[in-house]
Amino acid sequence: MVDTEGNAVVGAEVDIWHASPAGLYENQDPEQAEWNLRGKFFSDEEGVFAFRSIRPSGYPIPMDGPVGDLLTALNRHPFRPAHLHALIHKPGYKTIASQLYSHDDPILETDAQFGVVQNLVGIYTRHENEPAPDPDVTEAWFSLEFTFVVEPGEAWLPAPPVSAKRDTTQDRA
């Protein structure tokens, strides 16, 4: 992660989350553990953060409301391409709330949400017959390198909760 001058941004808080291979986020799926496929990271002295996860998958958006009616009227499909979400926060910089898309998803250009822009497409590199960063990975694996650029400005954070499974009765007390 760098600033607009290309300098490393140290200590930025990075929240990452994405859908499971079944196309559901953990708060939509009672079979997934709370906070599954979510993580919070901090950029190091070189502006780098790293994590291990499964590769995100695409999914259909719900079609049982006005958005479904609109997509049907427009004769459009309801699918989102594979992506991961990133929320990047550091005081003194504008917060980034974005999605990073998989370069090889076949519906990049027809995203039901119209969210894909070229500078948010990341290239997953497949690695075969070479050691993974984690020794318990013994099959082919993918890596993704992407540089987020943050601008000076006011930082903000959205209000929680982010999970529908969370007991919110304590919040009303």
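This is a predicted model: local features need pLDDT of at least 70, side-chain atom pairs count only at pLDDT 80 or more; totals for chains, interfaces and linings use all residues.

Modeller: Residues are numbered from 1 along each chain as its sequence is written, and side-chain values use heavy atoms, with hydrogens and water left out.

Biologist: In what order do the five strands form the open sheet?

Modeller: Strands are DSSP runs (E, at least two residues), numbered from the N terminus, and two of them pair if DSSP finds at least two bridges between them. Here the order is β3-β2-β6-β7-β8, with mixed pairing. β3 (38–42) and β8 (121–122) each have a single partner strand and stand at the edges, so one side of each is left without a neighbour in the sheet. Two bridges join β7 and β8 in the parallel sense, and Ser-102 stands opposite Gly-122 in β8.

Biologist: Which residues have the most contacts inside the largest nonpolar core?

Modeller: A nonpolar core is a set of buried Ala, Val, Leu, Ile, Met, Phe, Trp, Tyr and Cys residues joined through side-chain atoms within 4.5 Å; buried means under 20% relative accessible area (1.4 Å probe, protein chains only). The largest core has 16 residues, and those with the most contacts inside it are Met-1, Val-14, Ile-16, Phe-49, Ile-88, Phe-148 and Val-150. Two or more residues come from each of β2 (13–18), β6 (83–89) and β7 (96–102), and β6 gives the most, with three. Apart from this core lies another, of six residues, including Tyr-25 and Ile-61.

Biologist: Is Thr-95 buried or exposed?

Modeller: Thr-95, in the loop between β6 and β7, is buried, with a relative accessible area of 11%. Contact means heavy atoms within 4.5 Å; beyond four places in sequence, Thr-95 is in contact with Leu-87, Ile-88, His-89, Glu-154, Ala-155 and Trp-156. A polar atom of the Thr-95 side chain lies 2.8 Å from the backbone oxygen of Trp-156.

Biologist: Which element gives the most to the lining of the largest pocket?

Modeller: β10 gives the most, with four residues.

Methods:
Buried means under 20% relative accessible area, exposed over 50%, partly exposed in between (1.4 Å probe, protein chains only). A polar contact is a pair of N or O atoms within 3.5 Å; within protein, one must be able to donate a hydrogen and the other to accept it, and residues adjacent in sequence count only if both atoms are side-chain atoms.
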